[in-house]
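The sequence and structure are shown first.

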Amino acid sequence: MSKTAPTIDIPPNQLAPADVALIGNPNTGKTSIFNALTGLRQKIGNYPGVTVERKSGIMDGPEGAVATLHDLPGLYSLNPKSLDEKIARDVLLGESHEDGNIKLVVVVVDAANLSRNLYLVSQVIDLDISVIVALNMMDSAENAGVHIDVQALSKRLSVPVVPIVATRETGIDLLRKEIFAAIKNPSPELPDGILSLDDTISTSIAPVSDWLIEHTELSSSARIAEALRIISSDISADVWRQIDGPPDCLAHFNEFVADARAQLEERDISWRMLEATLRYRQIDEIYADTVREVRPEIDSISVRLDMVLTHRFAGPIIVVVLFALIFQTVFSWAEWPMDLIESAVASAGAAAATQMPEGMIRNLTVDGIIAGVGAVLVFLPQILFLFFFLALLEDTGYMARVAFLMDRLMKSLGLSGRSVIPLLSSFACAIPGIMATRTISSARDRLITIMIAPLMSCSARLPVYVLMIGAFVPNEPVLVIFSLPGVTLLTMYLLGICAAIAAALVFKRVLKQSDTPTSFIMELPPYRRPSIRWVLMQMYERARIFITDAGQIILAISIVLWFLASYPQADSTDNLTPRERISESYAGQLGHAIEPAIKPLGFDWKLGIGLITSFAAREVLVSTMATIYNVEEASETSVDLRTALRNETDPVTGERVYTPLVAVSLMVFFVLACQCMATVAIVKRETNSWLWPTIMVSYMTGLAYLASLIVYQTGIGLGLG
Amino acid sequence: MCSLDSLLPGDKAVISSISGKTNEEAHLMEMGLLVGTQVEFIKTAPLGDPIELRVRGYHLSIRRSEAHAILVDKI
């Protein structure tokens, strides 16, 4: 956020720099051009209230001139179908002043894919803003047999067109020169809109365009273009229906739109096709006049790669193997830094303890704050390494292929292929998984994906499974080649997946919106060499967001949990064992208090304490049980801890407290419950509301309680107690 | 004349009709699929859906249900 972003120093004795917007279709190399123009002087943040990334940077011009370049989200059209597109549209139409008063727009265009890219160019030119077209990837265009007459194109569009190869920084200086020339001498007469409408269409859209006079400061050609968009699309019309104004003004608007559509329909013109038909008719003419196309006979490298990577059989196998390798690598790479962070936090705590006088402040510092900071930092290695691979694959273009291969599976859940990566990542950890949902363009799909991601069995559940299976599940063969512990573990993973499927189907019904059926219209961009700089920026961004935004919440919760487990503190003269101390703490009292509620699940008050403390993170259950049983070695493979759990007897009845049935019930609870404060914190960050984390904790805890209840009571009924 | 989703890998066709009745079709038109546009059917995803097309020199993935409303003439 702004307070943490580095400030950009503007040299004194200069006027405020001009604001220039950089826009373009996704996959046009916009980011490389932004980096080439601004260097390292970038500021990254978010648009207020939303999670759309916002980037701006300072660009140097001749004679000490500077300009601020705003990198807007990638978009295909000014008709906003996603939040990213809505933000870019608002900035360009002058409805959002977050990015200053944009007077010049640089549209980045993929030269190899000129025809479709010209759609956005044509829309932007009609806004009556100065436009420069940055014709990027000229080299790939030539290789693909697309030869563009740059001067002719510039003439037809009436705007400067600069040929560029951003990856080799060719043409960047020329682009910079054109930008500052346009800032210095704004052309007095802008082209009068690129689109020519015939009289009947002009007459039909005139009332809507006139209505816009009262509500905007758009020029006449921009008004005509926006009116055309409003009539052609309910999405654009709905944007205007949201604005504040007297009710009759909205009534007029609806009436004008309905009239215009009715008039068009009378003449057999489909209003939904109007803008696209008119613009592409003109684009096809310009394209024919300025581009000579000799598509080569041999297939491009991308097409040949896809023969394997999206092959009917090889494709899915490669996805599974690749992600298995990635997770394996993330685990093994992350282990060492995670251990390092844990021991650094432990020694920082020990150092603080020797420096400070005994008392509440010391305990708060050591066990509350330092341990809480440790709880935040320990997630970093996994987040950084996972995003290293995810960003790398995204930048090559492979992620779009994963979505293509997996879309059919997700469609039955009411989601699209874009949800696959976040859900797969959640098997490692739900935090990066939830952070990876930003590539899902549909807001509803993204929300459902966030809500079900924590049901995937993450790595933090493994210690709980290992402890319980190790202590209570006998190592017996099942169907010759399997073993009972292995089958139990697999069942837990499958249970999580089944619960996620069920939850997705329920959320799909609850969040049903008639006007947004899930669709899957996605470009499969050519494979490209990834930019290490972009990958590093992505890693830095995720780490920054996690620490600054989620970190505060995690720290606050860990201090509360520390307080619950440490107070009220008995006299230090009482020689209490750790077990007695924790059972008399607030957490212990809570454990006793909730015992009647968790008894039907087979849990006693000691597990109750474990449920409370393990809200910090699931694996904390293991260390809490070790404290309660006074076991030195607090690990899930500890033989002492397993024996202590097995031998625990009820002092009254003399019966075993923990049975294999209790262990299964506890594991089921941990599969389904949202026992993770970091997940809660990141959901708050990514949905920008406390509503969704609250719903998540409630539904997951409810589901966990119900499932454990059924397991335990059925087990008792069958005499398995 | 047949619907776009009934093409086979390698088939080339020209779009002959789009009903323009849904927002998805309007979206496809923004992406450059219009009456008269040439499309090439590249492949089908492993589970039969979605499909991959080449249109205006780029590759686009759409679901069969979205392709079904578009009619084409094979060439």
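This is a predicted model: local features need pLDDT of at least 70, side-chain atom pairs count only at pLDDT 80 or more; totals for chains, interfaces and linings use all residues.

Helices are taken as DSSP runs (H or I) of at least four residues, numbered from the N terminus. On this basis, Arg229(A) and Glu226(A) both belong to helix α8 (residues 220–232) of chain A, where they lie three residues apart, about one turn of the helix. Their side chains meet in a salt bridge with an N to O distance of 3.0 Å, and both residues are buried.

**Salt bridges**

In the whole structure, over all chains, a search finds 30 salt bridges. Four of them are set out below.

| Pair | N to O distance |
|---|---|
| Lys81(A) and Glu30(B) | 2.4 Å |
| Arg229(A) and Glu226(A) | 3.0 Å |
| Arg261(A) and Asp234(A) | 2.9 Å |
| Glu686(A) and Arg438(A) | 2.9 Å |

The salt bridge of Arg261(A) with Asp234(A) links distant parts of the chain: Arg261(A) is in helix α10 (residues 247–266) and Asp234(A) in helix α9 (residues 234–241), 27 residues apart. Arg261(A) has a relative accessible area of 10% and is therefore buried, the limit being under 20%. Asp234(A), at 24%, is partly exposed.

Glu686(A) and Arg438(A) also form a salt bridge. Glu686(A) lies in helix α29 (residues 677–687) and Arg438(A) in the loop between α18 (430–435) and α19 (443–452), so the pair ties together parts of chain A that are 248 residues apart in sequence. Both Glu686(A) and Arg438(A) are buried. Elsewhere, salt bridges that share partners join Lys86(A), Arg89(A), Asp90(A), Asp126(A), Glu226(A), Arg229(A), Glu275(A) and Arg279(A) into one network.

**Interface of chain A and chain B**

Contacts involve 41 residues of chain A and 34 residues of chain B. The two chains bury about 3,400 Å² between them, with 56% of this area on carbon and sulfur atoms. Arg272(A), Phe404(A) and Ile521(A) supply 22% of the area that chain A buries against chain B, more than any other three residues.

Four salt bridges cross the interface, and 16 residue pairs across it are in polar contact. On the side of chain A that touches chain B, at least two residues each come from α3 (114–125), α11 (274–290), α12 (301–309), α16 (398–411) and β12 (522–523). The most are given by α16(A), with six residues. By residue class, this side of chain A comprises 18 nonpolar, eleven polar and twelve charged residues.

Strand pairing also joins the chains: β12(A) and strand β5 (residues 58–62) of chain B run antiparallel and are connected by two bridges. Within this pairing, Glu523(A) stands opposite Leu60(B) in β5(B).

How values were computed:
Residues are numbered from 1 along each chain as its sequence is written. Chains are lettered from A and ligands numbered from 1 in the order in which they are written. Side-chain values use heavy atoms; hydrogens and water are left out. Contact means heavy atoms within 4.5 Å. Buried area is the accessible area (1.4 Å probe) that two parts lose on being put together, summed over both. A polar contact is a pair of N or O atoms within 3.5 Å; within protein, one must be able to donate a hydrogen and the other to accept it, and residues adjacent in sequence count only if both atoms are side-chain atoms. Ala, Val, Leu, Ile, Met, Phe, Trp, Tyr, Cys and Pro count as nonpolar, Asp, Glu, Lys and Arg as charged, and the others, Gly among them, as polar. Two strands pair if DSSP finds at least two bridges between them. Buried means under 20% relative accessible area, exposed over 50%, partly exposed in between (1.4 Å probe, protein chains only).
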